[in-house]
Amino acid sequence: MSDELFQKLSDAVIEGEKQSAIDLANQALEQGLDPLSCINEGLVEGIQKVGVLFNDGEYYLPQLIMGAEAMKAALAVLEPELVGDQKRDVVGRVVVGTVEGDMHEIGKTLVGTMLAANGFKVTDIGVNNSAEEFIAAIREADADIVGASALLTTTMVNQKKLIEELEQAGLREKVKVMVGGAPVTKRYADDIGADGYAEDAISAVDMAFRLIDPPA
Ligand code: B1M
């Protein structure tokens, strides 16, 4: 019975069926199923499959967004029911935002959602953030990683500025910097001294895991 419901939860995420994911999460709780198992054996399985389909070119952005939204909605039902040491381990703390002068939010939000779906505690500070605003949020969240998004060739420079100001604030050793956004390249990320670059939201999750737990 529980296996069947886990599978349905996973399928709801894969199909991006938000309402169905919410209904199934409520149904699982009514049946007394363990919320943590619903997350790990249902939702997480689903979102990982979405990632594979996206990487294989079988899914495009809309399906990725819908899968992440379905997962987030069901998580909002299940997470408050986790008790005591069942609370999901926080993989790491991430502040995500779009840099100063830049109002593009969709990609950044998707990156944040995918990170949250994969167990990171995400503070999304929105768009048009100065370096000072990033730094205040990093301090407030005690972040391990800061993710700075830029969609304009004219605002990419503010990713560099953020890194410089992190150095001046004495935070550069403490926080890893990940950058991304359509005009940003791996080469640019290396040039400005970022720790990580990701081309899309799925690779951003992989990169965040690597930044938290770098290979020996
Ligand atoms: Co704007 N815009 N826009 N825009 N806009 C682009 C980016 C542009 C390429 C369109 C074009 O000309 N072909 C162009 C930039 C040119 C350039 O600089 N090279 C452009 C321009 C010029 C402008 C304005 C200047 C237009 C004007 O007013 N004259 C203006 C600037 C406003 C400002 O920011 N100050 C502007 C405004 C807008 C809207 C407000 C209308 C709107 C944004 C609405 C919103 O976000 N709420 C908008 C949109 C929608 C776009 C396009 C069409 C789509 C962007 C998007 O959401 N893509 C875009 C053209 C395009 O990209 N094809 C364009 C979907 C999203 C999921 O992808 O954001 O790339 P993306 O995110 C991806 C990856 O890049 C990566 O993962 C995401 C998921 O896979 N990623 C990260 C993103 N951030 C990451 C961070 C990471 C890691 C990965 O780690 C931290």
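This report covers the ligand site, the pockets, the cavity and the aromatic pair of a predicted model.

Residues are numbered from 1 along each chain as its sequence is written, and side-chain values use heavy atoms, without hydrogens or water. Because the model is predicted, local features need pLDDT of at least 70 and side-chain atom pairs count only at pLDDT 80 or more, while totals for chains, interfaces and linings use all residues.

**The cobalt and its ligand**

The ligand carries a cobalt atom with a single protein donor, His 104. The NE2 atom of His 104 sits 2.2 Å from the cobalt. Donors are N, O and S atoms within 2.8 Å of the metal (3.2 Å for Na, K and Ca); water is not among the atoms, so sites may look incomplete. His 104 belongs to the loop between β1 (93-98) and α5 (106-117). Helices (H or I, at least four residues) and strands (E, at least two) are DSSP runs, numbered from the N terminus.

The shell around the ligand holds 25 residues. Gly 101, Met 103, His 104, Glu 105 and Ser 149 are the closest. A residue counts as near if one of its heavy atoms lies within 4 Å of the molecule or strand. Three elements each supply at least two shell residues: α5, β3 (145-149) and β4 (176-180). The top contributor is α5, with four residues. By class, the shell has 13 nonpolar, eight polar and four charged residues. Here Ala, Val, Leu, Ile, Met, Phe, Trp, Tyr, Cys and Pro are nonpolar; Asp, Glu, Lys and Arg are charged; the others, Gly among them, are polar.

| Residue (backbone atom) | Distance to a ligand oxygen |
|---|---|
| Glu 105 | 2.8 Å |
| Ala 182 | 3.2 Å |
| Ala 201 | 3.4 Å |

**Pockets**

Pockets and cavities are found on a 1 Å grid over the protein atoms alone. In a cavity a 1.4 Å probe fits but cannot get out; a pocket is an open set with protein on both sides within 12 Å along at least five of seven lines; lining residues have an atom within 4 Å of a point. Grid points are joined across faces, edges and corners, and a volume is the space filled by probe spheres set on the points.

The largest pocket has a volume of about 490 Å³. Its lining numbers 26 residues, with Gly 107, Val 111, Gly 181, Glu 199 and Asp 200 nearest the centre. Two or more lining residues come from each of α4 (61-78), β1, α5, β3, β4 and α9 (201-212). The largest share, five residues, is from α5. The lining has 17 nonpolar, six polar and three charged residues.

The second largest pocket has a volume of about 240 Å³. It is lined by 14 residues; closest to its centre are Leu 75, Glu 79, Arg 88, Ala 116 and Phe 120. Both α4 and β2 (121-124) give two or more residues. Helix α4 gives the most, with three. Seven lining residues are nonpolar, one is polar and six are charged.

**The aromatic pair**

There is one aromatic pair in the structure. The ring centres of Phe 120 and Phe 209 are 5.0 Å apart and the planes stand at 65 degrees, so the pair is edge-to-face. Rings of Phe, Tyr and Trp (its six-membered ring) pair if their centres lie within 6.5 Å; planes under 30 degrees apart are stacked, over 60 edge-to-face, and the rest tilted. Phe 120 is in the loop between α5 and β2 and Phe 209 in helix α9, so the pair ties together parts 89 residues apart in sequence.

**The cavity**

The structure has one cavity of 30 Å³ or more. The largest cavity has a volume of about 50 Å³. Residues lining the largest cavity include Val 99, Glu 100, Phe 134 and Lys 161.

How values were computed. A polar contact is a pair of N or O atoms within 3.5 Å; within protein, one must be able to donate a hydrogen and the other to accept it, and residues adjacent in sequence count only if both atoms are side-chain atoms.
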